[in-house]
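Subject: Structure handover

Hello,

Please find the structure below. My notes on what was found in it follow.

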Amino acid sequence: MLAAVFNGNKNIVLSDYPLRTLDKNELLIKVACCGVCGTDKHIYEGKAPSSIPVILGHEYSGIVVEKGRSDSKFNISDKVAIDPNIYCGYCDYCRKGMVNFCENLSALGVSMNGGFAEYSIVPDSQAYILPSDFDLSVAAFSEPLSCCLRGIEQAEIKSGDAVVIIGGGSIGLLMIQLVRNSGASKIILIEPDPYKQKLGIELGADYSLNPGDENYFDEIKELTTSQVDIVIECVGNKDTVNDAIKIVGKGGKVVIFGLAPKDHNVTLNLQYLFQKELKILNSFLNPFTFKPAVDLLLNKKINIQKLLTKQIYLKEISNIFSDSTISGSIKVQIINN
């Protein structure tokens, strides 16, 4: 099969990759669509860990073409969405229900071969059956949406809360829709790009502000009467994290969702935190949120069409992280013929 193999040090090579025999609890999936994630870019640039060599790509969907055992609940030609995160189920964290901290965690597209290929071998526990008429390009959003749902759980939004979202990429635009569905009374997007600002408004933000404007902090105070209840940081940058802490009101919560490079650190003034009584939270992976994400997509509660800005064929993947057209898109998917 054709596969894009990551060999470390910004090296991705298209090659004819051999497929092994399936184990009894595995499926062979013909990959239809695989989203390109910021994590893929971090791995490619050496800013996040992965196995080497490995086939990257962890946001994917496809069709079952072979199964390891005849009594599997899956049928040949079933459409499926793939949850890449594989938890052992028996370590202390798993037994506490904290599966995202699994001591034996493995992940398709990170430590195991993933979706930047024509085919992918997956444990059947990681596949979620979809209706036969469901759009597989939409299904490939299940993984990022499931991670966003974890962030929303951490935020604990109450009806009437004022919420600020920093970053209008695909994650920030998913967050806007989830925050809207959570009953927030006011949603403010912080984003410098005019197109993404406009899109944020279309998807449910009440206001969209440019962080480059000299008085944007004052604008937020005016719009919220200084009572920002929750800030969700979706960029992964020390400067935007510092902005989030500055923006949030007294007694508020900051959810640091964006994955920052390893060398990004922030300095916190302890008396400032003390006086504001802030809660600073993070969000890691997607514990028990994949099925809810699939259900939201199946029931058309999340608008995906506006986020999918480019699809390219697997054979064109070589320059994906250096092509300015791709890097300027909201969500890019690799597709197979």
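Helices here are DSSP runs of H or I with at least four residues, numbered from the N terminus. Ser137 lies in one of these, helix α3, which covers residues 136-139. Please keep in mind that this is a predicted model.

Ser137

Is Ser137 buried or exposed? Its relative accessibility is 11%, so Ser137 counts as buried; the cut-off for buried is under 20%. The Ser137 side chain has a polar contact with the Asp135 side chain, at 2.7 Å. Which residues does Ser137 touch once its neighbours within four places in sequence are set aside? They are Cys33, Leu308, Gln311 and Gln333.

Salt bridges

How many salt bridges does a search of the whole structure find? The search gives ten. I describe some of them here.

Arg20 and Glu26 form one, with their closest N and O atoms 2.9 Å apart. As for the two partners, Arg20 has 46% relative accessibility and therefore counts as partly exposed. Glu26 is buried, because its relative accessible area is 11%, under the 20% limit.

Another salt bridge joins the side chains of Lys41 and Glu45, at 2.6 Å from N to O. Lys41 is partly exposed at 32% relative accessibility, and Glu45 is partly exposed as well, with a relative accessible area of 25%. This pair also belongs to a network of salt bridges that links Lys41, Glu45 and Lys47.

A further salt bridge is found between Arg150 and Glu153, where the closest N and O atoms are 3.5 Å apart. Where do these two residues sit relative to each other? Both are in helix α4, residues 142-155, and they are three residues apart, so about one helical turn separates Glu153 from Arg150. Arg150 counts as buried because its relative accessibility is 18%. Glu153, with a relative accessible area of 41%, is partly exposed.

Regards

Terms used. Residues are numbered from 1 along each chain as its sequence is written. This is a predicted model: local features need pLDDT of at least 70, side-chain atom pairs count only at pLDDT 80 or more; totals for chains, interfaces and linings use all residues. Side-chain values use heavy atoms; hydrogens and water are left out. Buried means under 20% relative accessible area, exposed over 50%, partly exposed in between (1.4 Å probe, protein chains only). A polar contact is a pair of N or O atoms within 3.5 Å; within protein, one must be able to donate a hydrogen and the other to accept it, and residues adjacent in sequence count only if both atoms are side-chain atoms. Contact means heavy atoms within 4.5 Å. A salt bridge is a side-chain nitrogen of Lys or Arg within 4 Å of a carboxyl oxygen of Asp or Glu.
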